[in-house]
Amino acid sequence: VMAQGNVEIWLGQLLHMAQQSLHAVIRTAAMAIAEASNFVFLEFFNTYPAQIGLLGLQLLWTRKSEVALNTVKYDRKIMASTKQLFSEQLHELIAQTTTNLTRVQRTKFETLITIHVHQHDIFEELYKRHIKNAHDFEWLKQSRFYFKDDIDKCIISITDVDFNYQNEFLGCTERLVITPLTDRCYITLAQALGMSMGAAPAGPAGTGKTETTKDMGKALGKFVVVFNCSDQMDYRGLGKIYKGLAQSGSWGCFDEFNRIDLPVLSVAAQQIAIVLACRKERKRQFIFTDGDVVDLNPEFGLFITMNPGYAGRQELPENLKMLFRTVAMMVPDRQIIIRVKLASCGFGENLALASKFYTLYKLCEEQLTKQVHYDFGLRNILSVLRTLGQNKRDNASDPESKIVMRVLRDMNLSKLVDEDEPLFLSLISDLFPAIVLDTAGYPQLEEAIREQCVEEKLVYHQPWVLKLIQLFETQRVRHGMMALGPSGAGKSVCIHVLMKAMSTCGSPTKEMRMNPKSITSPQMFGRLD
């Protein structure tokens, strides 16, 4: 595409061209899958880019499953053999993760495993229930991927709603672990879009409302934009966003929509109603509330997520509620998520380890004292899993349960209060019996801390030095840290000494101090003008 003419026209052509070329690659990939004779499983993923490899995996799975479901009446053994084939493919993929891969390749194979574990489980479920028909609801409720040659489009069907794959270039991205909850959420979102409505997942923090919307967008090859709503948004700003989404055909996900003030919400309801009514009537253009004539791309979607029952949250007005289908998302299926993530990091004993991991966190939530800063939720679990993958690769020779135990201990011990520490350690040693862990030593850093203590005329007190080491370990796996404790417990000194010691060890560290009490919140975080 030549860079000439008006910039917006040129960018539009560029986008169109990118989507066309992606579609062409998908077409060749679909043909490669159709030629069953010379199709090599792993070679396919190394020939095509990650996004198309993933789509190919889903096309292949849909194709094989439908063939099996349609011919099971004549051929008794086909379900069992297809199930066996999916298992073998899964083991081939898991074996790849332990080899030496680049970062992009690793993400690619982890994503393929994440999706394929789910596909394998669905088929196993169909096999156990003796489903013998491709029109059974158990099969129809899944996301099914087809490439229709006659209309030259890639179609994704969820229940009775068909979506065209949007050919948006996504690159090599991570995908969510699909659990029964995500599946149900997908069905509701698909139904809402089929009826030209918006969808509104609601539930407490950390249940994956925003992530599920983003993930469904990735599955359909869409561009998803997430807006974090705050009480500073006014109807003009929102109106601009709706117009942009309607023209570009992308999905907009408005996070924590009920934080917007009530007067703004009632205007927003009118604006959304106009856009959705136009989509329902399949018009090409509509007149917006401010009198602008706006073109409409029918592929767009509106999603809002809500956290009910917090301070500073509104109850949505009735005229807004009727435009959205709601989905309740309460408890994520943690054990499934842990299991799939462990499999994608290359852990062979993923089932046993996942149940131990899950049990430990459940017991922690129930038995430890309730502190404000404790979090044994999904976000913590995911950051532990990320560190686990790294550790598995660094210490490939260690037994898997030892790696899991070590990471669980190191990442949770530093934030526990004194009375909870022995309880946590006894819980973890009950779950992983007969494993003795060594503590990692940092001789160079400890030496530097000792020097700093002499310099600052401080006492080299062993429990306090342990806190310094824990802060150092936390800083390696986390972006932000929080030091908690009563005044005079040595929090600031702890941070300072660690900073100087790290600078001595060859990683110079600076600090910028702010006192948030002395400035207003818009000065600290900025504001919408």
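## A strand hairpin

Strand 1 and strand 2 (residues 153-158) run antiparallel and are joined by 6 bridges. Two strands are said to pair if DSSP finds at least two bridges between them. Strands (E, at least two residues) and helices (H or I, at least four residues) are DSSP runs, numbered from the N terminus. The model is predicted, and local features need pLDDT of at least 70, side-chain atom pairs count only at pLDDT 80 or more, and totals for chains, interfaces and linings use all residues. Residues are numbered from 1 along each chain as its sequence is written, and side-chain values use heavy atoms, with hydrogens and water left out.

The two strands form a hairpin with 4 residues between them. In its turn, aspartate 152 has a positive phi of about 55°. Lysine 148 stands opposite lysine 153, which belongs to strand 2. Strand 1 (residues 143-148) is mostly covered, as 5 of its 6 residues are buried. Here buried means under 20% relative accessible area, exposed means over 50%, and partly exposed lies in between (1.4 Å probe, protein chains only).

## Salt bridges

The whole structure contains 20 salt bridges according to the search. A salt bridge is a side-chain nitrogen of Lys or Arg within 4 Å of a carboxyl oxygen of Asp or Glu. One of them joins arginine 406 to aspartate 398, with a distance of 2.9 Å from N to O. Arginine 406 is buried at 15% relative accessibility, whereas aspartate 398 is partly exposed at 23%. Another joins arginine 236 to aspartate 234, whose closest N and O atoms are 3.6 Å apart. Arginine 236 is exposed, with 54% relative accessibility, and aspartate 234 is partly exposed, with 34%.

Arginine 334 and glutamate 365 also form a salt bridge, their closest N and O atoms being 3.5 Å apart. This pair links distant parts of the chain, since arginine 334 is in helix 12 (residues 334-344) and glutamate 365 is in helix 13 (residues 350-367), 31 residues apart. Arginine 334 is buried, with a relative accessible area of 19%, while glutamate 365 is partly exposed at 37%. Elsewhere, a network of salt bridges links Glu125, Arg129, Glu138 and Lys141.

In helix 16 (residues 421-431), the buried residues are Phe424, Leu427, Ile428 and Leu431. Viewed down the helix axis, these residues fall within an arc of 90°, so they line one face of helix 16. The arc is that of the directions from the helix axis to the C-beta atoms. The buried residues of helix 16 pack against helix 13 and helix 15 (400-413), contact meaning heavy atoms within 4.5 Å. Pro422 and Asp430, on the other side of helix 16, are exposed.

## Aromatic rings

The search of the whole structure finds 14 aromatic pairs. Rings of Phe, Tyr and Trp (its six-membered ring) pair if their centres lie within 6.5 Å; planes under 30 degrees apart count as stacked, over 60 as edge-to-face and the rest as tilted. Phenylalanine 44 is buried at 5% relative accessible area, and tyrosine 48 is buried at 17%. Phe41, Phe44, Phe45 and Tyr48 form one aromatic cluster.
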